[in-house]
Amino acid sequence: DFCGNTAEWERSVAAGKNPCLLSIEGSAALCGDLEKLSEAYELGVRLVTITWNGACEAGDGCIVPHAKGLTAFGKQLIAGLARRHMIIDVSHLSDAGFYDVAQETSGAFIASHSNSRRVCGHPRNLTDEQFCEIVRRGGLVGLNFYTRFLREDAEHAVSSDILGHVEHFLELGGENALAIGADFDGASMPEGITGAQDMTKVYELLSGRYSQRIADKIFFGNASEFIKTALTDCKNCNTI
């Protein structure tokens, strides 16, 4: 059930449906043109991941050598997203870009599919400082199941490695910020997880270590509450 604002999201949840929203992963799709952001908004897009791993018109991704932050267009994009109540996603963005986003907006933003760099030192993962900044703003971080982001020796990754990231994020005060960001679109999964059909196993893993309350927050509650707040109804907000 595609939703474009808070009211639609709440109605979908109340009706027992599966609410969702359209997103763009990598603002290269906008070709450096804010008019295309308006078009995307009109088509129902409500979340934009600023970069993928490489560079684009908005800035550098996390694997670019000597990566810089946001470009002038990237800063305009952040302002345009905030003005439209669209969700800003910093997964894949360079460290410099992350802090540029933090400077360009005072609102909450998310890392839709990123783990802890303290637990696994891949540049796609978040530093403790970055995670705490997202938490401070009331943002969201989606746990990623890709083996290379779970542990250094990725070939030995198992489903329980997810718990190490959960544990560390909870220690940093992230109970209300954690969600699922699985990355099921072709990424290698840890032993015990092959796809969405195994999400019950992940739920059992979390509820077995923590509680049903924590598992429910991570699986749906935190993300739903964040999205309801983020998509606040806004009249005439799709303006350049």
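**A close look at one site**

Modeller: Ser-114 has a relative accessible area of 1%, so it counts as buried (under 20% relative accessible area; over 50% is exposed and anything in between partly exposed, with a 1.4 Å probe and protein chains only). This is a predicted model, in which local features need pLDDT of at least 70, side-chain atom pairs count only at pLDDT 80 or more, and totals for chains, interfaces and linings use all residues.

Ser-114 sits in the loop between β4 and α5. Helices (H or I, at least four residues) and strands (E, at least two) are DSSP runs numbered from the N terminus. Leaving out residues up to four places away in sequence, Ser-114 touches Ser-91, Arg-124, Asn-125, Leu-126, Val-141, Gly-142, Leu-143, Asn-144 and Phe-169, where contact means heavy atoms within 4.5 Å. Ile-180 is 66 residues away along the chain, and its C-alpha atom is 9.7 Å from that of Ser-114.

One of the residues touched by Ser-114 is Phe-169, which is among the buried residues of helix α7 (residues 161-171). An α-helix has 3.6 residues a turn, so residues three or four places apart point the same way. Cover for the buried residues of α7 includes α5 (128-136), β5 (140-143), α6 (147-150), β6 (178-180), α8 (199-209) and α9 (212-230). Just after α7, Gly-173 has a positive phi of about 90 degrees.

On another side of the site is the loop between β3 (87-89) and α4, which holds His-92. His-92 has a positive phi of about 85 degrees although it is not a glycine, and its relative accessibility is 6%, so it is buried.

Next, the aromatic rings. Six aromatic pairs turn up in a search of the whole structure; rings of Phe, Tyr and Trp (its six-membered ring) pair if their centres lie within 6.5 Å, and planes under 30 degrees apart are stacked, over 60 edge-to-face and the rest tilted. Phe-98 and Phe-109 have ring centres 5.4 Å apart and planes at 80 degrees, so they form an edge-to-face pair. Phe-98 belongs to helix α4 (residues 95-104) and Phe-109 to the loop between α4 and β4 (110-111), so the pair ties together parts eleven residues apart in sequence. Phe-98 is buried at 2% relative accessible area, and Phe-109 is buried at 0%. A further edge-to-face pair joins Tyr-146 and Phe-149, at 4.8 Å centre to centre and 85 degrees between the planes; both residues are buried. Ring pairs also link Phe-98, Tyr-99 and Phe-109 into a cluster.

The nonpolar packing comes next. A nonpolar core is a set of buried Ala, Val, Leu, Ile, Met, Phe, Trp, Tyr and Cys residues joined through side-chain atoms within 4.5 Å. The largest such core has 47 residues, of which Ile-50, Leu-77 and Phe-145 touch the most other members. Apart from neighbours within four places in sequence, the contacts of Phe-145 include Leu-150, Ile-162, Ile-180, Ala-182 and Phe-184. Another core lies apart from the largest one and has 13 residues, among them Trp-9, Leu-47, Ile-87 and Ala-179.

Finally, the whole chain. The protein chain has nine helices and six strands. Its radius of gyration is 17 Å, close to the 18 Å that the globule rule gives for 240 residues, so the chain is as compact as a globular protein of that length (the radius is taken over C-alpha atoms, and the rule is 2.2 Å times the number of residues to the power 0.38). The C-alpha trace spans about 50 × 50 × 30 Å along its principal axes. Of the 240 residues, 50% count as buried.

Conventions: Residues numbered from 1 in each chain as written. Heavy atoms only, no water.
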